[in-house]
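The following paragraphs lead the reader through a structure. Please have the sequence and the three-dimensional view at hand.

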Amino acid sequence: MSQTPLLSLRNLRTMFTGENGEVVAVDNVSFDVNAGEIVGVVGESGSGKSVTALSIMGLLPKTGARISGGEILFRGRDLLKLSSREMRGLRGREIGMIFQEPMSSLNPVFPIGDQIVETIIAHERIGHRAASARAADLLNRVGISSPARRMLDYPHQLSGGMRQRVMIAIALACSPKLLLADEPTTALDVTIQAQLLDLLRDIQDETGMAIVLITHNMGVIAECADRVVVMYAGRVAEEAPVDRIFDAPNHPYTVGLLGSTPDITRDERRLWTIPGSLPRIEAPPSGCRFAPRCQLAIADCERGQPQAVQIGAAHWAACLRTQDASSLGRKT
Amino acid sequence: MTQPLLTVKNLSKSFAARGAASAKDSRTIYAVDDVGFHVEHGETLGLVGESGCGKSTTGRLIMRLIEPSEGSVQFEGQDVLSLKGTDLKRLRKAMQIVFQDPFSSLNPRMSVEDIIIEPLVVQGDMNGTDMRRRARQLLDKVGLSSAHAGRYPHEFSGGQRQRVGIARALAPNPKFIVCDEAVSALDVSVQAQVINLLQDLQEEFGLSYLFISHDLSVVRHISTRVAVMYLGKIVEIADKKTLYASPRHPYTQALLASIPVPHPSLRRQRARIGGEVASALAPPSGCRFSQRCPMAEDLCRREAPAMRHLAASHEVACHFAERSGTRAASPKARAVG
């Protein structure tokens with residue numbers, strides 16, 4: 001691809017200080033996000049997907065966490081080299097973020113209108129009245145009716161779905177180039193989830209903004225993503241265009257994750273499961289992190305982190321046995 | 001025809017709304033309103049709905065963890081709601097529950113063995129040695145090891161804790177288990193293991209489940225029949241195949257259309273519904289779904305539809321259920337290949 005990616009993670013490594021020394025939460029993670037695309041990052045607990053997002057935003061806890069290696073290139077600039085003042089200017093203006101729990105992201109003692117206006121004024125030379133008018137427009141655009149009246153509401157007066165719409169409005173306030181959405185619909189009911197995923201895609205179509213969508217739900221990935229990054233225990237297991245991930249997965253973990261997801265469009269007598277449980281971050285397996293749970297593991301898998309192997313166009317898998325993985329547990 | 005294992009009729013529970021702004025504001029919430037269904041021997045009835053629809057309250061009412069306001073619950077011909085003292089205790093051997101949160105539902109100060117034998121201690125008809133032997137057997141049965149007996153809940157992962165919760169439910173040798181969001185807190189790869197375990201145990205012990213969940217894909221996988229709840233009422237019950245392939249209640253249709261399916265090729269082919277669930281404090285008059293329903297007419301806003309049979313194993317509460325068939329938006333119908 002000749003195009004320069006909007007965001008490029010190169011060998012990102014993020015550490016946390018635990019009770020017994022440092023643990024690696026994100027280990028050597030690399031992927032690109034191009035302008036105007038939706039990249040889905042999928043993984044289970046401890047996969048490092050949220051820590052990756054916080055690392056990009058520069059929102060890791062001040063104590064006990066650090067980025068120990070790699071680069072985060074956003075429009076060619078390494079975000080890790082920016083001062084905290086420069087990062088503040090970038091956050092909200094060029095990169096927006098929404099989180100799983102909108103209640104804890106909104107300030108409970110201010111009306112929501114003020115919170116949107118505040119964001120706009122923090123980033124742009126604009127009068128209060130104009131910012132107010134834009135806030136109302138934004139609320140309208142995220143599907144909140146009578147925005148002028150709603151701007152006076154406090155967060156507790158809104159439902160979970162409405163609060164998440166407000167969060168999206170705030171994230172969009174300065175027309176960012178990139179939106180990081182961390183489990184944005186996980187806390188919501190399924191009919192509301194569907195409305196919000198539709199909204200995100202409509203906004204993306206309209207504005208051409210890129211979205212990194214972090215989720216544990218393969219269905220959400222299938223609905224929204226253009227490309228998919230599958231993470232396991234802090235590392236990227238597989239990366240591919242969305243059709244390839246679902247139709248031709250090449251990492252045994254991706255195959256297992258798909259087999260474990262009950263599929264509403266088919267009858268299966270039994271789910272195809274991955275044995276064992278997720279590794280503890282304090283004591284990750286040596287070599288391939290998935291090896292202890294992998295049916296295809298061989299002695300070499302325990303010797304070192306497998307390098308990403310190119311399978312096809314824009315399709316990589318970090319596995320020594322990709323050839324056999326593609327025929328594993330095939331659903332018929 | 002043999003009698004169903006469990007028959008629930010006209011079950012209702014109302015709560016006084018707390019924290020009302022003023023005395024005249026003291027209203028009543030009908031959390032569960034005139035709910036009826038049955039569970040056959042050896043089957044799984046899935047109970048689905050969104051948050052606040054009353055599905056968990058229904059499970060707790062049947063177990064009498066909360067006392068119903070009205071209605072009847074028959075278990076093997078016995079009237080559950082009139083039982084007291086020893087009779088109620090004996091009944092509870094046969095009816096058990098597995099909770100959602102494997103962290104808060106296990107006492108952190110008790111060893112896993114003590115947790116599993118607690119129901120047996122309460123029942124009081126087994127001696128200590130037998131109880132401990134039973135606990136160890138059950139640990140093996142749920143995929144843990146008898147070597148884990150002396151450990152404490154914090155030493156286990158979420159999935160393993162949920163296995164302990166299942167072993168505890170199995171201890172008194174029940175016939176019926178309420179699974180209240182029993183796999184919802186688990187990661188997908190672990191969730192699949194626990195679902196398979198529940199199915200294996202059902203086969204081995206002839207168990208019946210009331211499987212309460214918000215996840216329609218999981219419910220489809222595990223259930224024999226499925227009931228859909230909305231704002232305290234059951235709106236549709238059918239065998240699994242019928243419910244997912246030709247749902248007749250517009251809410252069921254909307255719910256099915258909202259599920260993200262793991263097939264990128266099926267993207268955006270489905271009808272959505274707008275709006276949000278109304279407050280249980282002020283449910284709409286008539287049909288409770290009428291505000292969000294794309295087919296609602298005046299009749300729907302005036303009169304609440306009663307549950308009626310469309311076929312032997314298909315009941316629905318909608319005035320226009322016959323008409324709604326054409327709107328069916330089940331992804332199955334559109335799946336290619």
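Over residues 7-258 of chain A, the chain is 40% helix and 28% strand, and the end C-alpha atoms lie 28 Å apart. Helices (H or I, at least four residues) and strands (E, at least two) are DSSP runs, numbered from the N terminus. UniProt lists residues 7-258 of chain A, in an unreviewed entry, as "domain: ABC transporter"; such annotations may be inferred rather than shown by experiment.

This is a predicted model, in which local features need pLDDT of at least 70 and side-chain atom pairs count only at pLDDT 80 or more, while totals for chains, interfaces and linings use all residues. Residues are numbered from 1 along each chain as its sequence is written, and chains are lettered from A and ligands numbered from 1 in the order in which they are written.

The contact between the chains takes 38 residues from chain A and 35 residues from chain B, two residues being in contact if their C-beta atoms, placed from the backbone, lie within 7 Å. Helix 6, helix 7 (216-222), helix 9 (250-258) and helix 12 (331-334) of chain B each give two or more residues to the side that touches chain A. Helix 6 of chain B provides the largest share of that side, eight residues.

Within chain B, the axes of helix 5 (residues 158-170) and helix 6 (residues 188-205) come within 10 Å and cross at roughly 15°. Axes are lines fitted to C-alpha atoms, for helices over the stretch in contact, with angles from 0 to 180 degrees between N-to-C directions. Helix 5 of chain B is therefore roughly parallel to helix 6 of chain B (angles under 35 degrees count as roughly parallel).

How values were computed: Angles under 35 degrees count as roughly parallel, over 145 as roughly antiparallel, 65 to 115 as roughly perpendicular and the rest as oblique.
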